[in-house]
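Biologist: Before I rely on the labels used for this model, I would like to hear the grounds for each of them. Could you take me through the terms one at a time?

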Amino acid sequence: MSTRADTIVRMGDWAVSADPDDCLVTIGLGSCIGLVLVDRIRRVAGLAHVMLPQARPGQAETLAPAARARFGDLAVETLLDAVLEAGGRRIGLEAALVGGAHMFAFGSGQLDVGARNEAAVREGLAHARLPVKAAATGGSRGRTVRVHVGEGRVLVRAAQGADEVIMRGFE
Amino acid sequence: MPTTYTELQLDALRELANIGSGTAGTALSALLGRAVDISVPSVGAMDLQEAVEAVGEPGREVRATLVPIKGDLRGSALLIFPPEDAARLCGMLGVDGDGEEGSSALAEVGNILCASYLTALGQMLGMEIEPCPPETAWDLLGAIVATVLLGQGEADGALLLDSDLVVEGESCGLSFLLLPAGDGSAGLLERLGL
């Protein structure tokens, strides 16, 4: 086993790394979305932990850059800029989505938060013309995601489940 | 919602949690025919990220019963059981902890404890508080707490009223979390004249 350094991405935060030994991790995604952007050639990756689909009107301007990943409508642009700044190239970028579960039936009068989060992030990705290469979304279980920066590999583990590779990367 | 509360307000909320969990503890004791100890509740207002982590290690797998709350107090009650404690509790009730039967038992325990807790609060405050049907989960703690808070519309911060109930002489305990929605906590304080 390698001696990887885990960088924990907490709720509403985002992180980018160009260190091949780094592992970006988000633990316990329920209705939240883990948005992953990977450039496997340049070995740069980013992970954002999206909480809600949209910022309130007028809120976007007041948010510090560190807080912009909270909202699906701002997260894609924020993470994309950071990945490019860290040396990623737009042409090589691939996206993966994890989370957006529907864990409880309550509040389901409207479409649930998990599905709305996923829709908002997918819309942002489509707008930025970034391809979604892999997704582990929906269902009723919480998930943990690990992004191995060096290999561009994305691993997902659902509650009571085993690790599943959703984006393979270089071996 | 206000993200800062005065000491006086937090003391008052702690006292509410104390009364609520005391009544819930009595109900649990009656259900099991055993003595139940109740911790001094902890009450805190914090941002969402802190709130999720304050409840415990986000990656820990737990069993949980969620009871959404309507009426004069909006929010959620959330019972959190370590899986082995949930199994012991089910054992005391004479049901198999795994599978559908165990989940039903934990849902029913949630029903009974929430009804007691909320009835005590409602009587004291003169509020109509209505628990909704319970739901259960066996999942990652962080995913459960975040999903409940975001699902009830919190975006900025959360108010946590956390009490621990422990069955005496058994290694069996649970956390009772009352999570008033942003407007719910304002209503509570208004009723208290604070």
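Modeller: A residue is called buried if 20 or more other C-beta atoms lie within 10 Å of its own, exposed if 12 or fewer do, and partly exposed in between, with C-beta atoms placed from the backbone. This is a predicted model, in which local features need pLDDT of at least 70 and side-chain atom pairs count only at pLDDT 80 or more, while totals for chains, interfaces and linings use all residues. Residues are numbered from 1 along each chain as its sequence is written, and chains are lettered from A and ligands numbered from 1 in the order in which they are written.

Biologist: What makes α5(B) largely enclosed by the rest of the structure?

Modeller: Helices (H or I, at least four residues) and strands (E, at least two) are DSSP runs, numbered from the N terminus. In α5(B), 11 of the 11 residues are buried, so this helix is largely enclosed by the rest of the structure; among them are Leu141(B), Ile144(B), Thr147(B) and Gly151(B).

Biologist: Which element gives the most to the side of chain B that touches chain A?

Modeller: Two residues are in contact if their C-beta atoms, placed from the backbone, lie within 7 Å, and the contact takes 24 residues from chain B and 22 residues from chain A. On the side of chain B that touches chain A, α5(B) gives the most, with eight residues.

Biologist: How do you know that β3(A) pairs with β1(A)?

Modeller: Two strands pair if DSSP finds at least two bridges between them. Four bridges join strand β1 (residues 5–8) of chain A to β3(A), and the two run parallel, with Thr7(A) opposite Leu24(A). Five bridges join β3(A) to strand β8 (residues 143–148) of chain A, this time antiparallel, and there Val25(A) stands opposite Arg146(A). Strand β3 (residues 22–29) of chain A is also mostly covered, seven of its eight residues being buried.

Biologist: Why is a set of residues called a nonpolar core?

Modeller: The name is given to a set of buried Ala, Val, Leu, Ile, Met, Phe, Trp, Tyr and Cys residues joined through C-beta atoms within 7 Å. The largest such core has 112 residues, and those with the most contacts inside it include Leu35(A), Ala75(A) and Leu177(B). Helix α4 (residues 99–125) of chain B gives the most to this core, with nine residues.

Biologist: What is the mean pLDDT of chain B?

Modeller: On pLDDT, the predictor's confidence in each residue from 0 to 100, chain B has a mean of 93, and 98% of its residues reach 70 or more.
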